[in-house]
Amino acid sequence: MIWNSVSDHVADGKDSAPHPVDALDAEEHADGTPSSWSAAIRSQTFFVPLHYEANYRYPLVVWLHSDGFNENQVCHVMPHVSSRNYLATGIRGPMASDASGHRFGWSNSAAALQSAERSVLEAIDRAASQYSVHAERIVLAGYQSGGTMATRIAMRHPELFAAAVSLGGAFNLPAHPELDRQRLKERRLPMLWQRSIESEFYDQARLVSEIQDASSIGAQLEIRQYRNDDEMNTVVLSDLDRWVMNHVVSGAPVAKLSHWDTSPTSFSDN
């Protein structure tokens with residue numbers, strides 16, 4: 001179930017509760033205008049797991065969309081990750097990319113980074129105030145440019161996030177003054193990079209350089225490569241689910257200490 005984070009409608013003198021909608025059924029009218037629910041898009045969208053249980057503390061996935069989309073992308077992604085295991089929230093990029101205000105993107109500027117960072121932190125606070133969230137199982141994830149932004153923000157707040165996941169997003173290590181590298185080395189932030197080797201954006205030489213950058217801050221890094229041209233597919237999203245369940249929920253180390261080490265098979269408490 002998905003709904004926008006705030007409602008402007010008032011009924012009988014009281015604020016009306018958010019109305020659940022199915023994002024996959026959202027349609028445009030024949031004249032190209034958006035349907036009623038999408039016309040009231042907010043800057044944050046929630047994905048609530050099936051059979052939500054208020055007494056269970058859920059892992060929270062904070063999703064940053066790719067350029068040209070908006071916060072509702074989380075509603076299309078999460079059912080293919082898991083419909084039960086996670087609470088999730090989608091965040092809108094700070095830069096509008098169309099005149100109608102439906103498409104947004106991320107920028108590399110310092111101002112855009114600060115805006116995105118503020119949106120993410122406020123979204124986490126809002127999610128924790130409305131739902132049952134496990135504070136030590138918050139995962140910041142994103143697709144393409146959203147994945148790049150996810151790793152940038154996670155590096156600035158390494159203690160807040162249990163892991164950072166990037167689907168096809170480049171890894172950009174900020175300049176030394178912008179990061180507390182000693183703090184990052186002590187934290188050893190777990191990261192999952194998922195890359196499609198046939199993508200037009202894939203660059204083997206750049207990947208090697210990015211791995212060296214991640215190594216310089218002591219990140220616990222796992223890279224999964226796929227023989228296709230786009231990371232947005234069910235195999236990649238299923239891998240994301242298994243990785244988070246193993247390394248965030250169950251706490252298995254990202255890097256095995258020896259060849260005979262094993263990782264536990266985990267199941268949702270739901």
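W63 counts as buried because its relative accessibility is 2%, where buried means under 20% relative accessible area, exposed over 50% and partly exposed in between, with a 1.4 Å probe and protein chains only. The model is predicted, so that local features need pLDDT of at least 70 and side-chain atom pairs count only at pLDDT 80 or more, while totals for chains, interfaces and linings use all residues. Residues are numbered from 1 along each chain as its sequence is written, and side-chain values use heavy atoms, with hydrogens and water left out.

W63 is found in strand β5; helices (H or I, at least four residues) and strands (E, at least two) are DSSP runs, numbered from the N terminus. The side chain of W63 makes a polar contact with that of Q73 at 3.0 Å, a polar contact being a pair of N or O atoms within 3.5 Å of which, within protein, one must be able to donate a hydrogen and the other to accept it, and residues adjacent in sequence count only if both atoms are side-chain atoms. E210, in helix α5, is likewise buried, with a relative accessible area of 4%.

The table gives contacts, meaning heavy atoms within 4.5 Å, and leaves aside neighbours within four places in sequence.

| Residue | In contact with |
|---|---|
| W63 | Q73, V74, V77, T89, G90, I91, A141, G142, Y143, L167 and M232 |
| E210 | A170, F171, W193 and R195 |

Helix α6 (residues 234-249) has 16 residues and reaches 21 Å from its first C-alpha to its last, close to the expected 22 Å, which is 1.5 Å times one less than its number of residues.

As for the second pocket, what is the volume of the second largest pocket? The second largest pocket has a volume of about 410 Å³. Of the 23 residues that line this pocket, the closest to its centre are T148, G168, G169, A170 and F201. Helix α3 gives the most to the lining, with four residues.

Key:
1 Å grid on protein atoms, 1.4 Å probe; cavity = no way out; pocket = protein on both sides within 12 Å on 5 of 7 lines; lining within 4 Å. Points joined across faces, edges and corners; volume = space filled by probe spheres on them.
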